Amino acid sequence: MKILGIETSCDETAIAVVEDGTKILSNIIASQIDIHAQYGGVVPEVAARSHIGEILPVLQRALDDAGVTMNDIDAIAVTRGPGLIGSLLIGVLTAKTLGEIYRIPVIGVNHIIAHAMAAFLTDSPPSFPILALTVSGGHTALTVYQQDLSFKVVGETQDDAAGEAFDKVAKLLGLPYPGGPAISKIAEDGNDETYQFPIAKMKNPLDFSFSGLKTAVLRQARELENQDKLSKQQKANIAASFESTLVKSLVRNTQKAYETFNPACVVVGGGVAANKRLRLELQRALPNAIFVPNVLCGDNAAMIAAAAFKMPQNNIQTLSAAALQVDSSLETL
Ligand code: KG4
Ligand code: ZN
């Protein structure tokens, strides 16, 4: 079964062809990072306009790379949410139109679930029940998935997402967007014990909160700046101390959730899952954790197709192209 995946929830126009939910035949990602970097973050209106220009060329490249035509495609999977409403609309309208023209089913996919299901595109696919740590620019959650993709969010951020915290701290240190890779890079030259930043205590010990951490970093930076302009070494020390605190919080909660729910597998996905320190420390705490490969951590359409393949059959059939709606706040399958 060949599924065409379409992902336009934020600042990547991505289309992929995936066979039987596991084999990537093509995976094209047109990133808008350069466009948004000049504004220091994603500008929704600019993102939506850029998707319009990119989507058809990206579709053609995805089909060409896979060596197929639309007539070979059995179903279309598209991100229906969560995400930027204008951006989501471009992907969903494209999927619906292709579905009508080629008379194939269109499956709406939850972007957050897809970040976890990207683990099925690895050489060692996970088994259910899966505990997923999903860490992206918009979301940070610990979720337990059953075979039928029904799920329970057992912990989530009560304010900023992990990636958002990286992006905001990067901005205050004068680093470019996206902040995660930029912070990680300078943190390599820093000492992570220079500053003691706080990990929030939550009522649900599996929940996260990063806004206090972000404020503590801001205060520290301002205090140093009152004396002099931040030096390269001071920035590196702040970045390292921030990154290690945030990673500690993610690892601690994931380990707690593992002990509480005893899942068959732990999966780590989403943009922040590309973080080297997170990979290292989680691997140390949970040696069997499956990490989504770096190229599939950020937004991509192969994960959308992989997630659609895992959706229960009855769920797929009920979603006709006409019924499919964008849902930018989608919380369910
Ligand atoms: O999953 P993603 O591509 O988009 C969303 O769905 O949000 O995640 C993007 C986020 C950004 O906040 C970016 O700064 C962060 O992932 N990120 C990283 C790294 N690479 C990307 N954060 C920490 N370390 C990285 N190496
Ligand atoms: Zn994402």
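Which residue in E3 is the bridge partner of Val 18? In this predicted model, the partner is Ile 24. Residues are numbered from 1 along each chain as its sequence is written, and chains are lettered from A and ligands numbered from 1 in the order in which they are written. Local features need pLDDT of at least 70, side-chain atom pairs count only at pLDDT 80 or more, totals for chains, interfaces and linings use all residues, and side-chain values use heavy atoms, with hydrogens and water left out.

The N-terminal strands are described here. Helices (H or I, at least four residues) and strands (E, at least two) are DSSP runs, numbered from the N terminus. Two strands pair if DSSP finds at least two bridges between them. Strand E1 (residues 2-7) pairs with E2 in the antiparallel sense, over six bridges. Within this pairing, Glu 7 has Ala 14 of E2 as its bridge partner. Three residues lie between the strands in the hairpin of E2 and E3, where Asp 20 takes a positive phi near 50 degrees. E2 (residues 12-19) is largely enclosed by the rest of the structure, because seven of its eight residues are buried. Buried means under 20% relative accessible area, exposed means over 50%, and partly exposed lies in between (1.4 Å probe, protein chains only).

The ligand site was examined next. Ligand 1 is surrounded by 20 residues, each with a heavy atom within 4 Å of the ligand. The closest are Gly 137, Asp 167, Gly 180, Gly 271 and Asn 275. A polar backbone atom of Gly 180 is 2.9 Å from a ligand oxygen. For Gly 271, the corresponding distance is 3.0 Å. A backbone N or O atom of Asp 299 lies 3.1 Å from an oxygen atom of ligand 1. The protein covers 84% of the 560 Å² of accessible area that ligand 1 has on its own (Shrake-Rupley method, 1.4 Å probe; for residues, only the protein chains shown count as cover).

Helices H4 (111-117), H5 (162-172) and H6 (179-187) are the elements that give two or more residues to the shell. H6 gives the most, with four residues. By class, the shell has six nonpolar, 12 polar and two charged residues. Here Ala, Val, Leu, Ile, Met, Phe, Trp, Tyr, Cys and Pro count as nonpolar, Asp, Glu, Lys and Arg as charged, and the others, Gly among them, as polar.

Most residues other than glycine have a negative phi, and most peptide bonds are trans. The bond from Phe 128 to Pro 129 is cis, with omega near -5 degrees. Pro 129 sits in the loop between H4 and strand E6 (130-135). The bond from Tyr 177 to Pro 178 is likewise cis, with omega near -5 degrees. Pro 178 is in the loop between H5 and H6.

Arg 103 has a positive phi of about 55 degrees. Arg 103 lies in the loop between helix H3 (85-102) and strand E5 (106-110), and counts as exposed at 71% relative accessibility. Leu 149 has a positive phi near 70 degrees. Its loop lies between strand E7 (140-145) and strand E8 (151-156). Leu 149 is buried, with a relative accessible area of 1%.

Technical notes:
Polar contact = N/O pair within 3.5 Å; in protein donor to acceptor, adjacent residues only side chain to side chain.
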